[in-house]
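Dear colleague,

Please find the structure below, followed by an account of the side-chain interactions found in it.

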Amino acid sequence: MRWAASRESASLPAAIRPVSRSEIAASERRYRTAMHAAGLSAWEMHQATEALIVSESYRTLFDLPPDAPLPTTIAELRAMVHPDDRERVYRGRLSLPSWNPGETVPFEVSYRIITPSGEIRWMRTRGELVRANANDPGIIYAITRDITLLVETEARLRESEEQFRSAFDDSAI
C-alpha cells in the first residue's frame, strides 16, 4: 500500500489517503498506453554511474526484438546512435551548464540511430538535468520521440521548393 496526497478543494489542506495496488497498476497502464500512443519513451540516466533506466516503449522506438535486453548504460545507448552523431550528442550531455542546486537544466537534441535491422531513424530527446547540490553530477530525466517522418517530410519539401524555384528561374517571363 502506498500513500498519496489528495485535495478535496483548494481551500482544504492536502489529505493523506492509502493508494491500492490496483490504483497504482491502473495508473501505470494509463501511463504506458499514453506513452505508446504518443510514440514516446521515457528514460532517466544517473550521471555519476551512467546507469540508464528506460521505459519498455524503447523496444518499439528503437526496433528492438522482444527478447533483446533494454539498454542499462549510456554506453549501450550510445552504441545505437549513428556514428556521425555520437560525439555531438555525448559532448552535449557533458556540457550541460551547472545551475543552482534544485534548479533544472532543460535540453533538447536531435540525432540519428541505427536499429538492429540497419534502418536509420531520427530521434528527438527533450529532458532536464536535476542536481541535488553543487557537487551532484545529477540525474537526467527525458523523453525520446521518433521524428523520422518529420525529418523526411521536411527534406522532401525542401527538394520540392528547390525544383519549383529552379523551374521558375529557368522560365522566360
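**Charged and aromatic side chains**

R78 is partly exposed, as its relative accessible area is 29% (buried means under 20%, exposed over 50%, partly exposed in between, with a 1.4 Å probe and protein chains only). R78 forms a salt bridge with E87, their closest N and O atoms being 3.5 Å apart (a side-chain nitrogen of Lys or Arg within 4 Å of a carboxyl oxygen of Asp or Glu). E87 is likewise partly exposed, at 42%. The charged end of R78 also sits over the ring of Y90, 4.4 Å from its centre (NZ of Lys or CZ of Arg within 6 Å of the ring centre and within 35 degrees of the ring normal).

This is a predicted model: local features need pLDDT of at least 70, side-chain atom pairs count only at pLDDT 80 or more, and totals for chains, interfaces and linings use all residues. Residues are numbered from 1 along each chain as its sequence is written, and side-chain values use heavy atoms, leaving out hydrogens and water.

The structure holds 7 salt bridges. Among them, E56 pairs with R59 at 2.5 Å between the closest N and O atoms; E56 is partly exposed at 44%, whereas R59 is buried at 14%. D85, R88 and R112 are linked in a network of salt bridges.

H82 is buried, with a relative accessible area of 12%. Beyond residues up to four places away in sequence, H82 touches R112, I113, I114 and I120 (heavy atoms within 4.5 Å).
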